[in-house]
Amino acid sequence: GFQTFVAFGDAHGDMASKEAIVALEKHIKDFKPDHRICLGDMFDFRALRKGIGREESDAYSDLVTDTTAAYGWLERLKPTVFLNGNHEYRLYRVAEEAANGIVRQYAAEGIEKLETYLRKMGCKVYPYHYQQGVHTIGKVAFIHGYSASQAAVKQSAEVYSPPGGATVMGHLHRIEAVHAVRHGGAQGYSGGCLASIPALTYASLRHATMRWANGWLYGLISTRKGGGFKIWQAEKVDGVWIHP
């Protein structure tokens, strides 16, 4: 037999593409996957990017808007696995490092709220960590991503794929599939993002942003020991979401 999955992420809170999320929600309803894997960065936490350096009431408003939206997306998509991304990691970093005690307390309370919420949902939660932040089903490994280089998908496939398997990752916002160089073979997949790309203004000066696209990944993984898998890309073509 086979287990089915969808893998999605990088909505970035209130900067999400509502259209992409609605399309994914419909796909989940139709496909009925056994696993709904959130690849991270569902929150943006832009106010925490360099600590809170702007006027604090503005930063607080940003955090409230961002977190409220992200919890709304999680409620709709109901992940069974949640891989913390580098944007969620900002919350953990600020809780430990912020000079302002009130900001540290806010971040600590935010961590407790998020972890409690995900546990109540029955979600398996992974830290943003290059070794511990890996979820594996059969021959397929799922990560947020720890490199944004041009070769990140290939490198991640070589590092994380079981022999003859694959790595599915978020973080990059781009759609890419590669065959990596590894004994036994390895494949790597980056499935795009759920963010509204024009809203991510911090990336507006980078050429690499031209590679970004909305989408998610889904597929089948054999339940047989050493069995295979098949992974598909959901994306928009001529204004229509394609996910056979």
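Author: On a 1 Å grid over the protein atoms alone, a cavity is a set of points where a 1.4 Å probe fits but cannot get out, while a pocket is an open set with protein on both sides within 12 Å along at least five of seven lines; a residue lines either one if it has an atom within 4 Å of a point. Grid points are joined across faces, edges and corners, and a volume is the space filled by probe spheres set on the points. The model is predicted, so local features need pLDDT of at least 70 and side-chain atom pairs count only at pLDDT 80 or more, whereas totals for chains, interfaces and linings use all residues. Residues are numbered from 1 along each chain as its sequence is written, and side-chain values use heavy atoms, with hydrogens and water left out.

Reader: Okay, what volume does the largest cavity have?

Author: The largest cavity has a volume of about 40 Å³, and the count comes to one cavity of 30 Å³ or more. Its lining consists of Ala7, Phe8, Gly9, Asp10, Leu39, Met169, Gly170, Gly191, Gly192, Gly215, Trp216 and Leu217. Two elements, strand S1 and strand S10 (216–222), each give two or more residues to that lining; helices (H or I, at least four residues) and strands (E, at least two) are DSSP runs numbered from the N terminus.

Reader: And which residues line the second largest pocket?

Author: The second largest pocket holds about 170 Å³ of space, and its lining is made up of Phe43, Phe45, Val64, Thr67, Tyr71, Leu91, Tyr106, Glu109, Gly110, Lys113 and Leu114. Helix H2 and helix H4 (101–120) are the elements that give two or more residues to this lining, with H4 supplying the largest share, five residues.

Reader: Changing topic, how many salt bridges does the structure hold?

Author: There are nine salt bridges in the structure, each being a side-chain nitrogen of Lys or Arg within 4 Å of a carboxyl oxygen of Asp or Glu. In one of them the side chains of Arg46 and Asp14 meet at 2.8 Å, N to O. Arg46 lies in the loop between strand S2 (35–38) and H2, and Asp14 in the loop between strand S1 (2–8) and helix H1 (18–31), so this pair ties together parts that are 32 residues apart in sequence.

Reader: Is Arg46 buried or exposed, or in between?

Author: Arg46 is partly exposed, with a relative accessible area of 27%, and Asp14 is partly exposed too, at 31%. Buried means under 20% relative accessible area, exposed over 50%, and partly exposed in between, using a 1.4 Å probe and protein chains only. Asp44, which is buried at 1%, also meets Arg46 in a salt bridge, at 3.9 Å, N to O.

Reader: What about Arg174 and Glu176?

Author: The side chains of Arg174 and Glu176 meet in a salt bridge at 2.7 Å, N to O; Arg174 is buried at 5%, and Glu176 is buried at 16%. Elsewhere, salt bridges that share partners join Asp14, Asp44 and Arg46 into one network.

Reader: Then what does Asp66 do for a partner, and which residues is Asp66 in contact with?

Author: Asp66, found in helix H2 (residues 56–77), is buried yet has no salt bridge, and the nearest side chain of opposite charge, Arg46, is 4.3 Å away; for charge, Lys and Arg count as positive and Asp and Glu as negative, while His and the chain ends are not counted. A polar atom of the Asp66 side chain lies 2.7 Å from the backbone nitrogen of Phe45. Leaving aside neighbours within four places in sequence, Asp66 is in contact (heavy atoms within 4.5 Å) with His12, Gly13, Asp14, Phe43, Asp44, Phe45 and Arg46.

Reader: Which phi does Lys32 have?

Author: Lys32 has a positive phi of about 50° although it is not a glycine, and its place is in the loop between H1 and S2, where Lys32 is exposed at 61%. Most residues other than glycine have a negative phi. Lys78 also has a positive phi, about 45°, without being a glycine, and sits in the loop between H2 and strand S3 (81–83).

Definitions and conventions
A polar contact is a pair of N or O atoms within 3.5 Å; within protein, one must be able to donate a hydrogen and the other to accept it, and residues adjacent in sequence count only if both atoms are side-chain atoms.
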